[in-house]
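Below is a short briefing on one protein model. Please read it alongside the sequence and the coordinates.

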Amino acid sequence: MAEQRRPRVGVVKLASCDGCQLTLLDLEDELIAIGQRFDLVEFPEATSRRSAGPYDVLLVEGSISTPEQLEQIVELRARSKLLVTIGACATAGGIQAMRNWSNEPEWRASVYPNPEDVESLATATPVADHVTVDAELRGCPIDGRQLLELLTALRLGRRPQLPDEAVCNECKRLGRVCVLVASDLPCLGPLTATGCRALCPGYNRACYACFGPKDAPNTVSLSRWLGDGRAPAEVDRLFALFNGYAPAFREASERAVAVMQPATRRRAGKGEKAS
Amino acid sequence: MRTPTADGERHFDIGQLTRVEGEGRLDLRVASDGTVAARLRIFEAPRYFERLVIGRRPDEVLDIVARICGICPVAYQMSAVHAFEDLFAVPIDPAVRTLRRLLYCGEWIESHALHIFLLHAPDFLGYASALEMARDHLELVGRGLGIKKLGNRIVSIVGGRPIHPVSPRVGGFSRAPRPHELDELRAPLEAAIAEARETVALVATLETPPSDREPRLVSLRHPSEYPMSDGRITSSDGIDLAPGDWGEAFHEEQVPWSHALQARAADGVPYLLGPTARVSLAREQLHPLARAALDATGISPEDLRRNVFRSIVARAVELLHALAEAREIVADYQPPLVPLAPWKPRAGIAAWATEAPRGLLFHRYEVDRAGTVRRAQIVPPTSQNQAAIEHDLALFAPEVLDLPHDEATHRLEQLIRSYDPCISCATHFLDLRVEHDR
């Protein structure tokens, strides 16, 4: 194979837990080879050498939740040929997006004695709400195999092959007992994109939608099924987690947050979106 | 950059701190008489976890608080699960307790190996990253990655995946591994124990900058176990509290330069958490292999405690401890008879502290009769170490500020990295800026 210039890769973090970029460092068997095939020019968690770009590929973890991040993402986009969001925070807003239906100043004041010293937007929003995103890796956290597939595809110049089918399909192929049918657990597997190898049903748990909604999920139908024997509020709260701000889950999440935190509710108006 | 100002003060601005988890910077203000004030500026975006858990039930809380930190999610799950089980008086199968220790050992192994080999060792050997270090020290980096992988594998088998495990539940585990599932860990644990012993010996030979301070140390202590999920909150100067009573001796304060609340003892004196504190206070409870390896280094307890740069030795000793304990648990593993005990909520205060890889992690939840969280307080180890870091920086800075800027920055960053700060956790963390004034 002819020697190619190594792609310049950046890995950056916004509002998030570090888990998705840690997934890169968790590719222990492949990390040295990845370092040989890619030029990791910006990855503050792992290297003191810095680069302000330009990047051939930028991996972005985390959601947009401060005024500074709002400016940062526009600048980063301008310096990146390809921008890939990694994980539920960057792709759908993450758990912190639950504040999008609340009174953020009140939240801030309840956590910080001097809220005026804290820089924060009223909302935590996905990267794609602000700039063009070329590809996304789902999951809370992302799956290492999917990250490896993305990197391989980038190196070979082909499209990454990422599944867009329900957890349910994979669960059936793995021969698991259906926790929804057999144990009456409120499983979101029928609606949720796979990538986890149907992890939770394999651990006797209901899927809680770490990878977010699959393409064209029938949320209404599954909610009706789950509502048999459960109060509507009990069904709604299932959605109000790590991908609760994904468009397909948003209505249910908003209702759930209103019930869970009635005192701090505010309407999510379009004008308040920080774009 | 270094900016002299009109009244002879000096100001250092050092960019975003690297090889730490999360975002932060450091401000140093150097007065004309040479005294230094250090401020860790944690500008990691606030995510309001203490509000996000309101209206949630205990098992939801376990899933949510894991997301505070991708490096130590098990710690967050363990502090929360013990808090709830204590309040609800849930009878826990002894085998569940042991399996939780194995899970926690896995996280300590993964987190400590990440820090020792990938984040901290490059400082001592003069590289910008582990990947650059790998060009000259492939065997060392490979060893670190191998041990880290083993820690992740333990967490995966017990918890389902290395980051944000799914099996921990109030009452136990949604699923406990079958004995044969742990068999694959036996040979790698054997090999890793040998490598970790060599690592303790190796990091003890690393040349450290001069450093001398007498820190107040705080750690859980338990009569028969190395501190992890059980025991009493103790200090080097006589604090002795139940694990839910953290608030009786400590409190949180907000400082204007940080998104991380700072925890302080009642008298305002900074205190130190983490491997150095635990190894110093609970040396007697270390696994015999880990204690023997530490003794063999010839490093005195005073040197280990007083020299901040020796933390890599304490961390390596704990890495060995966690591997040795994991080996014993795997060898004797019997699945729990009751992997998931039934429980009923009751109103009250659920509070507990466990030892995250970086130190004591305190959770306190006020819950109603249905078990729904009404108020929450989460105090991560880095919030508690902040004041100690600032204190040590102020002591250490005068020795390096006359060095060329890049070298001064490097030395100060090295000091901060010695604490293995986790900024993602602490927000509610690092760049270095030095200001000379007053």
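A residue counts as buried if 20 or more other C-beta atoms, placed from the backbone, lie within 10 Å of its own, as exposed if 12 or fewer do, and as partly exposed in between. This is a predicted model, in which local features need pLDDT of at least 70 and side-chain atom pairs count only at pLDDT 80 or more, while totals for chains, interfaces and linings use all residues. Residues are numbered from 1 along each chain as its sequence is written, and chains are lettered from A and ligands numbered from 1 in the order in which they are written.

**Helix H4 of chain B**
- Helices (H or I, at least four residues) and strands (E, at least two) are DSSP runs, numbered from the N terminus.
- The end C-alpha atoms of H4(B) are 44 Å apart, which agrees with the 46 Å that its 32 residues should span at 1.5 Å a residue; the expected span is 1.5 Å times one less than the number of residues.
- H4(B) bends by about 35° at B:Leu119, and the proline B:Pro122 follows within four residues. The bend is the angle between axes fitted to the seven residues ending at a residue and the seven starting there.

**Chain B overall**
- Chain B contains 15 helices and 15 strands.
- Its radius of gyration is 21 Å, close to the 22 Å that the globule rule gives for 438 residues, so chain B is as compact as a globular protein of that length. The radius is taken over C-alpha atoms, and the rule is 2.2 Å times the number of residues to the power 0.38.
- The C-alpha trace of chain B spans about 70 × 50 × 35 Å along its principal axes.
- Of the 438 residues in chain B, 61% are buried.

- Strand S13 (residues 359–367) of chain B has eight of its nine residues buried.
- Strand S12 (residues 348–356) of chain B runs antiparallel to S13(B) and is joined to it by nine bridges; two strands pair if DSSP finds at least two bridges between them.
- A hairpin of two residues links S12(B) to S13(B), and B:Ala350 stands opposite B:Tyr365.
- S13(B) also pairs in the antiparallel sense with strand S14 (residues 373–379) of chain B, over six bridges. B:Glu366 has B:Arg375 as its bridge partner in S14(B).
- Five residues lie between S13(B) and S14(B) in their hairpin, and B:Gly371 in the turn has a positive phi of about 85°.

**Strand S1 of chain A**
- In strand S1 (residues 8–13) of chain A, five of the six residues are buried.
- S1(A) runs parallel to strand S2 (residues 39–42) of chain A, with three bridges, and to strand S3 (residues 55–61) of chain A, with five bridges.
- A:Gly10 stands opposite A:Glu42 in S2(A), and A:Val12 has A:Val60 as its bridge partner in S3(A).
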